[in-house]
Structure formats: structure tokens, C-alpha cells
Protein chains: 2
Amino acid sequence: MKTIPGGVCAAKGFTANGVHCGIRKNHNKRDLALIASAVPAHAAAVYTTNLVKGAPLTVTKRHIADGTAQAIVCNSGNANTCNANGIEIAEQMSALTGAALGIVPENVIVASTGVIGQPLDIAPIEAGIPALAAGLAADGGAAAAEAIMTTDTVKKEVAVEFTLGGKTCRLGGIAKGSGMIHPNLATMLVFLTTDAAISAGMLQKALSTDVQSTFNMVSIDGDTSTNDMVAILANGMAGNAEITAEGADFTAFMQALNTVTVHLCRCIAADGEGATKLLECRVTGAKDVPTARTVAKSVVCSSLLKAAMFGADANWGRVLCAIGYSGADVDVTQVGVAFRSAKGTITVCENGAGVPFSEELAKEILLESEIEILVTVGAGSGSAAAWGCDLTYDYVKINGDYRT
Amino acid sequence: MKTIPGGVCAAKGFTANGVHCGIRKNHNKRDLALIASAVPAHAAAVYTTNLVKGAPLTVTKRHIADGTAQAIVCNSGNANTCNANGIEIAEQMSALTGAALGIVPENVIVASTGVIGQPLDIAPIEAGIPALAAGLAADGGAAAAEAIMTTDTVKKEVAVEFTLGGKTCRLGGIAKGSGMIHPNLATMLVFLTTDAAISAGMLQKALSTDVQSTFNMVSIDGDTSTNDMVAILANGMAGNAEITAEGADFTAFMQALNTVTVHLCRCIAADGEGATKLLECRVTGAKDVPTARTVAKSVVCSSLLKAAMFGADANWGRVLCAIGYSGADVDVTQVGVAFRSAKGTITVCENGAGVPFSEELAKEILLESEIEILVTVGAGSGSAAAWGCDLTYDYVKINGDYRT
């Protein structure tokens, strides 16, 4: 498997585009994205667990109930959530997109991200869709990645190439963060495309399984958004024998999917609102995987630890504290903690108590932009990773006055 | 019932003191507190739910297993947690205190707050206790309140006077916050004293019941500390007939207790690390009290809402979002939200959707230092309140470099 350029357009038969249609006041910010497949594709998606769900999610769920879709339309700047006419607007977005592409509205996946509770005006979207569709191109993935950004500071895209039964397949994706991000799912929108042939059922199974160890293990701020969605289209144009059951091909597909999703998870966490550092907590020795996941999530979610990481302060007591209140079944007298970065590794706690360490080396390690927090909790075989970021002045600044 | 001065020394027979013994480097910061009763008192306490528990909690639990204590000793600057010799040090603190007061060590409640995982040196405590005990005074409550402060910016004390069977009783307390605060309990230390006569069993019942709607409903940052403790001493010197069962006297006692604890909850939340505003979320119309509590807690815990309140931004979508992911059984199409302060009340959401409102008035209301977030979730009879604070630059500053 190798990483290739092209993002969401890397797979055969996919084009994309992103334009400024006027939902956002800033004319330099694209706010409407479109991804299209040359032929109908198998589709699967997972959604936020928040009881308050954005209208686009309800509409998308209905549209892909038959396992088929051919396009994804997404606006930024307005979440189309908690609005009386939200469903109607989301249906109109689908209809306008379908009309521009010559496909039925039911084959359109629709998504929105931005402010909650302000009616979404269809006018700019209606005005923008013709040019959006006309500009679809095989090199348009980056424009689409830009158009779905909100407080993101960098666009997030990746693609890989792999082989199924001798056929070259590609799988790529784009994602947006960067606040209101928390397991399970977040204001995280992720759109994935592949030319691999895989049945709708196996596609959903692959996605639902993968998110447990990837997007459900990312937290920026503990707030689970109303509009999260991870959607994948598989158009089969690679020409491999369709994957219809578990086996070597499904495993290879899962590996490609996981490579792409882990990359996007790291991108989302590193670009968390105000973040200066990517935090990765790796837990080993738990009695099982769910226990390891609970511990890893609790550590990357701790506001106190996140603030300490911002300050490059090896305050490992906050790691212990977060493990202790996680609810996981862990013997705290067995816990070990180390910090690792490009500058080295330093052990700060063994058997639940501090060990002497060099504050100078710890500082040097923690001043890096990617920090691993290595936690051992016993002799079990359960392990897990979770991703997060530091808590900074800029997170407060960004969220203190988001609407204006 | 009326509020009176004196704090933890308001009740008959209680004296207190606070000194600088040298645990902290700053010579102007008192770091060792002592509260004593003239006679043995009934004692009750509740503790953190964190699996990682400070050594002083283990020792205190053992000491008050018989329902009796006569003094409380507490240091700030070091949590005496995750240290190999923590129990030993906590026992030494009890023994030194007992020796200075002429009481058995088993009648001493011991507490610590500060950095986790750094050995606590007994030397400054040993050197400080004689002067600490010698200086016990009926006007020493404020000194004790100061000595338990960590990142607190103001000392927290209150007392009330009430009547039981014709006898005047008093109940007062001191508290410290102000970070690592989250249900259930936090690095919150609260010491309460009363001269009411009440059996140890009823005292524990009163305290355990009260904390469900008071200290368990306070959150500063979502981090449940390792060292939380709320302890109460009742020395019976008011001369009322001992409360040994539920009834009018117990109800009156509960009311006095609740008045003191709600006051201290508000003090702790208002003085949360970096806070500029006290947030109080009042939920009504839930199907039951636990549901109302879940909703209220989720709202005051949302980092996004807390940041919006710092910016005086009426971003009510974040209230809806927090309700939606709270896990509470709520019909989100029934939810209403209003903001209230000394400047007035403004309704921003009805039936789960936004209503037009004046942004100018909303801003004016939210610029106040005490904000109520009023949430209705239906027609049920369950209601609850939770307290928190805004998320500010200073929270990040305080916690980015706490240890140095």
C-alpha cells in the first residue's frame, strides 16, 4: 500500500469541486463542496450519537437506505440544525444537486456544518450549484476539502493505493474538524471515496468497524456535535471482484480504509481549535480493548492535562487522575506513564507513583508538536490509541465569539 | 434562618487557625489549616469517586469509621497523592495534630490539596503544628479558609443560624476550589461545623443526601480530583435534643445545611480557575430529578458553551447540543432556552428551534458576572440546578504551567 495524491478524487471515476456561493460573508472562503462519481456507487455512513441531529443527517439516512449514492453536497457556514424548515432545505439542496448532475435527488448525500439554529437560506446554494457542478474536475479534491472547512486552519486530505485480486484500487478522503469534537463522532465531516468494488453491506460493515478505533477515538473539546457524519462511496470502477464477505480482500480493504482514517484522525486532532500540539495516548496492558479505549479517551479529554501539554509541563498526576475517573476497571497501583516525542522518551510514573526524572529533558520532549502519552495499566492484552490536542488561549478566543 | 459571620467558627465550641509552615515557597501564603472542637464531635464525610484517591482520604475514612472526630488538619501545596509513603505521612500529620491538641490521632480528619505525585515532606508540617495549635481562636475561621486555598482567588466561608427545639444552632463552613472540579466531587475541600446535636448516622445521611444536589452539581473543568472531601463535625454544644431520626428537626437541619452548601457551591463555581462569570443552569420540566440533573450538568460542562459565555455570545445552539449528547431521555423538540441576569431575561429557543431575539439585549444580559441558563425540557416535574463558570484565557494560563 502506498500514499498517493488526489485526496477524494484519487479513486477512478470521482471528481470534486468547491466554490464560494455566499453563505459565508468572506468572499475568499469557499463554502459549498461537491463530490461526484461517474457511476452510481455503493454508499455507507455513520452519524453523530447526539439526540439533536442536523436535518441533513436525517435526509442522508433516508437517501442511502438503499445502499446507493452518486454525489455528496456539503455547505459550511451554517449547520442547518434546530431550524423549523431544516429538512425542507436539505431536500432542496439534494434536488438542486441532482438536477445539476442529472441524477435522482435520492442518490445525493447532503451535509452541513457551521452555526446551529440559524435558518439556512437556499438562495446562495441555488445560485451556486450550477457553477459548482460545471467545475467538477479530477483535480478538484483540494477545493472541496477547503469548502467544508470551518475553523480548520489547514485542509485535510489523503489517499492510498492498494491491490485487490491483482487490480489496483484507490481509497481517499477529505475531512473537516475542528471544534465540538468528541467521541462518538463530532463536528467532524469525513467523505471517503474508493473505486474498489464492495457490496453496500460490507462497505457499511467496514466503516462501522473502523470508526470504533479511529474517529470515535478523537476528542478536541468533549462536545459531541449535532452534525457529524462519515460517508463513503465505492463505485467499483477498479474492476476487482466485488467484496461480498469477509476474507483476504475485505482485510486488505479494511487496512486501506484504516490507513486513510487514522491519517485523517491525526489531521483533525492536530488542527483542533487553537491547538499547537497533537496528543496521542497509547494504552497497553488493559484487560480488554474497551477498557483500553476508555482510559485513552479519558486522558486525551482531560482539560487539565491538555492545558499542561500546552505549557510543556510534565504534570503526569493529571494523567493518573484522568485514568482514575475514567470509569475503567484498572488497578491504579499498576499504572505506568511515559511521554514520547521526536526528542526522546521519558518515564515519569511507575506502579502508580512518581519516579525521578529530568525536568529539562521532559520539557524538551514536550516542546515538540507531536506528543505521545504512553500508558501501561497492567499485563492484559487490551490496547488502544486516542487522539486529541492541547488546550490553548486560542481555543478560548475562537469559541468566545464564534458567531460574529 | 439568617446568615451570620464566623464561617467555620460560628458554631459554639469551634476554633480555627491557618499558618504558613513552608510547604509553599511563598511566605505570604498560609499553607496549613486547623479546625478544632472543644469536645469530641459526631463526624461524617463524603469522598471523591476517582479510583486514584489521595492518601489523606484513606486515613480519614479509617479515623471517622466510628462516627467521631474532634479536629481537621489540612495542608495546601501538595496533594500527598500517588506517593509511595502517602499513608505514612497522613498518619504522621494526624499524630502531630493529636499530640498538639491532646487528643488521639484517630479523632483527626486529615486532608491535602495541591500537586499530585510529589512526596510531601513532613518537616515543615511538624515544625508548624505547635504554633498552628497555639493560635487556635474563635476568629480564626478566615485564616483557615485562606490556608486551604490553592488557585482560589478569594476565600470561601459562610455560616447560618437556625433553631432546633427552641435552641439556637449554628452551621458554617469553609471551602476551596478551584480547578479539577467536576461531579461527583472535585478538588473541592469543604469543612463544615455545627453545634447542633445530631447522631453520627443522621449526620452522614444529611450530608450524603445534600451533596447530590449541591457539590455533585458543580463543574469547573470536567476533571474529578483525587482528593475531594466534604467533612462535617457536629459537637452538640447548642444543647438541642439530639436528632436521631427524620422529622421536623432533621428537615430544619437539612435546610440549614443546604443553605450553607449552596452558598459554597456558588462561591466555588464563581471562583473557578480563570473564571469571570458564575453560570447556573436551572432545568425544569424533566421527567424526573436524575434526568434534570444530567441535563443541567451537561450544559455547565460544555467547553464550547463556557467559552461562548466568556465572550457574552448567546450561542444557544451549544446549549441544545449539550442537552442532545447528555444521555438524558429528553424530547429535543420540546426544549426551550432563556438567559437571565441582573439585566433581564431573554428567550432564545422554543420547541427546539430558534426564536428571533435582540442580540443587543442578549449581549447586555450576558456581560453580567452571574448568568442563569434556564432550560425547559417538557412538562415533567423534575428540576435541578448545576453550577459552573466560563472558560477563559486565564484557565489555560493557570493550568499550562501549574507546577512551576
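## Interface and cores of chains A and B

Across the interface of chain B and chain A, 2 residue pairs are in polar contact, both at pLDDT 80 or more. This is a predicted model. The search for salt bridges across the interface of chain B and chain A gives 0.

The size of an interface is often given as the accessible area lost when the parts come together. Here chain B and chain A bury about 4,100 Å² between them. Carbon and sulfur atoms carry 58% of that area. The contact draws 52 residues from chain B and 52 residues from chain A.

Which elements of chain B each supply at least two residues of the side that touches chain A? They are α8 (303-310), α9 (317-324), β13 (353-354), α10 (359-366) and α11 (393-400). The largest share of that side, 6 residues, comes from α11(B). By residue class, the side of chain B that touches chain A divides as follows.

| Class, side of chain B touching chain A | Count |
|---|---|
| Nonpolar | 25 residues |
| Polar | 17 residues |

Now the cores. In soluble globular proteins, nonpolar side chains tend to be buried together. The largest nonpolar core has 83 residues. A:Phe253, A:Phe339, A:Ile373 and A:Val375 touch the most other members. Helix α6 (residues 248-270) of chain A gives the most to this core, with 11 residues. Apart from this core lies another, of 81 residues, including B:Leu192, B:Ala292, B:Val335 and B:Leu366.

What does A:Val375 touch, not counting residues up to four places away in sequence? Its contacts are A:Cys281, A:Arg282, A:Val283, A:Thr284, A:Val295, A:Val319, A:Ile323, A:Val335 and A:Gly336.

Key. Residues are numbered from 1 along each chain as its sequence is written. Chains are lettered from A and ligands numbered from 1 in the order in which they are written. This is a predicted model: local features need pLDDT of at least 70, side-chain atom pairs count only at pLDDT 80 or more; totals for chains, interfaces and linings use all residues. Side-chain values use heavy atoms; hydrogens and water are left out. A nonpolar core is a set of buried Ala, Val, Leu, Ile, Met, Phe, Trp, Tyr and Cys residues joined through side-chain atoms within 4.5 Å. Buried means under 20% relative accessible area, exposed over 50%, partly exposed in between (1.4 Å probe, protein chains only). Helices (H or I, at least four residues) and strands (E, at least two) are DSSP runs, numbered from the N terminus. Contact means heavy atoms within 4.5 Å. Buried area is the accessible area (1.4 Å probe) that two parts lose on being put together, summed over both. A salt bridge is a side-chain nitrogen of Lys or Arg within 4 Å of a carboxyl oxygen of Asp or Glu. A polar contact is a pair of N or O atoms within 3.5 Å; within protein, one must be able to donate a hydrogen and the other to accept it, and residues adjacent in sequence count only if both atoms are side-chain atoms. Ala, Val, Leu, Ile, Met, Phe, Trp, Tyr, Cys and Pro count as nonpolar, Asp, Glu, Lys and Arg as charged, and the others, Gly among them, as polar.
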